[in-house]
Amino acid sequence: MRGYVLTRYGRPDAMELREVPTPRPGPGEVLIRVRAAGLNPIDYKLRQGTLRAIVKLSLPTVAGSELAGEVEAVGTGVTRFAVGDRVFARVDKSTLGAFADHAVVAETLAARMPDGLGFTDAAGLPLAGLTSLQALRDELRLAKGDRVFISGGAGGVGTLAIQIAVAMGAQVATTASPRGEQLVRSLGATTVIDYRKEKFTDVLGDYDGAFDLTGGQDLVDSFAILKPGATTVSVTTTPEPATARKDLGKGPLFAALFGVLSWKIRREARRHGVTYRFLFMHPSGTDLETLAAMVGKGELAPVTDRVFPFDRIDDAFAYLEQGRAKGKVIVEM
Ligand SMILES: NC(=O)c1ccc[n+]([C@@H]2O[C@H](COP(=O)([O-])OP(=O)(O)OC[C@H]3O[C@@H](n4cnc5c(N)ncnc54)[C@H](OP(=O)(O)O)[C@@H]3O)[C@@H](O)[C@H]2O)c1
């Protein structure tokens, strides 16, 4: 079968399309005939080697974090799926494998695709959708009537996060350039700040939470627009001690290291009387079922920017890495 293989850490040519053996499902796993796979910034960050200390990969390995397709075979003990089921999944972080004609996934990480959704749309939901759900529901604990700021609303994560926040009854403010403004408004954002012309700190105040998708100065500035006691959840750059314990299951050494790395950011948060949390999302079939139900109720719809044929996945990455995508970039097998 074809697989897009991460051969080493480095520049784009470190990933290449090659013939690789078709995997076989072990106990509790399903073999999926992949129809489409979503691209994510984490795929090129893994290639660059920036996450090497956190995500241990055994190279060479077939890359790719999320997929949609049909179950072609099931391993022993599988109870939730049968051959022919249309499923989607955020695959295991340490084994990857979504950029291929076939992939093996633990049944606990997959869910049935929402009815009426095509493979290319479903393939873009798992990683960004789970990240948004886990940030807004589990970390910010958004409630009806809350006001939330989501930076970078027009990208793969932001387009889903806005819809999920709105479905939870929150009011959403976001940053976008004029190229993304119409899109984020159509998804339910009520306040849209053109980040190239205006600082969001000049417009927003007394917010109940912030979801940071752009990092850098935006992250630190987000503390100034929150109510005392509120939280900014970031997914972009700097892990903190809870990331080590809660998200990565690591011991005190990692917690201490992340404590040092995030010290300045946490100090700035404390100065504003708010909390900084860095979330590393976790794959979950159960949470995917929640997202599928939201799609079924019309609360959530994937936003697909471009679909490339699988043999043009290099071009798909070149496009994603420009950082200008509106919604998701997908490859179709
Ligand atoms: N920790 C985790 O578990 C986790 C999970 C998922 C994602 N992430 C991270 O979350 C970040 C966002 O991911 P993504 O998939 O949404 O990225 P993306 O799709 O590549 O984001 C691109 C979008 O961001 C907008 N943008 C760029 N700079 C901006 C700025 N300064 N202010 C406002 N908007 C800006 C661009 O709009 P314009 O072109 O119009 O400016 C474009 O539409 C990435 O760093 C990713 O690695 C982390």
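UniProt positions are given in the numbering used here, feature names are shortened, and annotations may be inferred rather than shown by experiment.

View 1. The model shown is predicted. UniProt, in an unreviewed entry, lists residues 10-331 as "domain: Enoyl reductase (ER)".

**View 2. The cis peptide bond at Leu59 and Pro60.** Leu59 and Pro60 are joined by a cis peptide bond. The omega angle here is about 0 degrees. Look for Pro60 in a loop. Helix H1 (41-48) and strand S4 (61-62) are the elements on either side of that loop.

**View 3. Leu96, a residue with positive phi.** Leu96 is not a glycine, yet its phi is positive, at about 55 degrees. The loop that holds Leu96 runs between strand S6 (86-90) and strand S7 (102-106). Is Leu96 buried or exposed? Leu96 counts as buried because its relative accessibility is 7%, and the cut-off for buried is under 20%.

**View 4. Arg141, a residue with positive phi.** Arg141 has a phi of about 50 degrees, a positive value in a residue that is not a glycine. Helix H3 (126-139) and strand S9 (147-150) are the elements on either side of the loop with Arg141. Is Arg141 buried or exposed? Its relative accessible area is 63%, so Arg141 is exposed. The cut-off for exposed is over 50%.

Key:
Residues numbered from 1 in each chain as written. Predicted model: local features only at pLDDT ≥ 70, side-chain atom pairs only at ≥ 80, totals over all residues. Heavy atoms only, no water. Helix = DSSP H or I, 4+ residues; strand = E, 2+ residues; numbered from the N terminus. Buried < 20%, exposed > 50% of the residue type's maximum accessible area, 1.4 Å probe, protein only.
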